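Here are a few notes to keep beside you as you look around this model for the first time. Take the points in order, and turn the view as you go.

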Amino acid sequence: MEPRLTEIEFDEIIANLENLQEEITPEIEEEIRACAKKVTEAADPKFTYMMLPIYDREISGCPIEGNDIGEFLATSNQALLFAATLGNEVEEMLLGNGEDARAEAIMNACARAAIENVVGNFENDFAKAASYQGLFLTDRFCPGNGDMPAGEHQRICDILYTTKRIGLDIADAEDLTPRSWMSAIIGISEIPQR
């Protein structure tokens, strides 16, 4: 499986613009489309993943904080841990927009829509491959969901050696809100998710 960034959905970008306090005028729409193009051109998507067995609702070798993840994986016999990134150039673009609030909001929304696109493509490809073996995937569960602390992004990245494998190092990140990267857990089961 190769990482793929296909066309970023305009509606997905708009959904990520919750901090924009303005009406989307034709001028802003043009700015959004230009930004999406910049992100797409700058992106160098990469991902890494690992499948680990699940015993008694716990991921072997990966103690995750929180009780919700155990419930989430209740019918799964394996966990798919993964991380993806759009690359350093997109991250640098995100850091360079601090003076213009609207430009920063648009850039964040475009990057979040782009990483969602990369991850969605990965999930679809993986689900298709799993289906040939009679297996099903659960939804994605990200740190910060339920009672799993956002700090668990770091644990997942450490287990996956993301710094070495895909150049994703969040060890010094002050804000663990994924914008140009994502880490998550998906359950793999012989039973379709309800």
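1. A word on exposure comes first: a residue is called buried under 20% relative accessible area, exposed over 50% and partly exposed in between, using a 1.4 Å probe and protein chains only. By that scale Tyr49 is partly exposed, because its relative accessible area is 34%. Phe122, at 3%, is buried, and Phe126, at 8%, is buried as well.

2. Some ground rules. This is a predicted model, in which local features need pLDDT of at least 70 and side-chain atom pairs count only at pLDDT 80 or more, while totals for chains, interfaces and linings use all residues. Residues are numbered from 1 along each chain as its sequence is written, and side-chain values use heavy atoms, with hydrogens and water left out.

3. Now to the rings. Rings of Phe, Tyr and Trp (its six-membered ring) pair if their centres lie within 6.5 Å; planes under 30 degrees apart are stacked, over 60 edge-to-face, and the rest tilted. The structure has seven such aromatic pairs. One of them joins Tyr49 and Phe122, a tilted pair with centres 5.4 Å apart and 45° between the planes. This pair bridges 73 residues of chain, from strand β1 (residues 46-55) to helix α5 (residues 101-131); helices (H or I, at least four residues) and strands (E, at least two) are DSSP runs, numbered from the N terminus.

4. How are the rings of Tyr49 and Phe126 arranged? Their planes stand at 85° with the centres 5.5 Å apart, so the pair is edge-to-face. Here too strand β1 is linked to helix α5, with Tyr49 and Phe126 77 residues apart. Ring pairs draw Phe47, Tyr49, Phe82, Phe122 and Phe126 together into a cluster.

5. Do look at helix α2 (residues 26-42) against α5: they pack at about 50°, with axes 9 Å apart. Axes are lines fitted to C-alpha atoms, for helices over the stretch in contact, and angles run from 0 to 180 degrees between N-to-C directions. Residues of α2 that meet α5 include Ile28, Ile32 and Val39, while the α5 side includes Ile106, Met107 and Ala114; contact means heavy atoms within 4.5 Å.

6. Finally, visit Cys142, in the loop between β4 (136-141) and α6 (152-159). Is Cys142 buried or exposed? Cys142 is buried, because its relative accessible area is 14%. Setting aside residues up to four places away in sequence, Cys142 touches Met148, Met182, Ser183 and Ala184.
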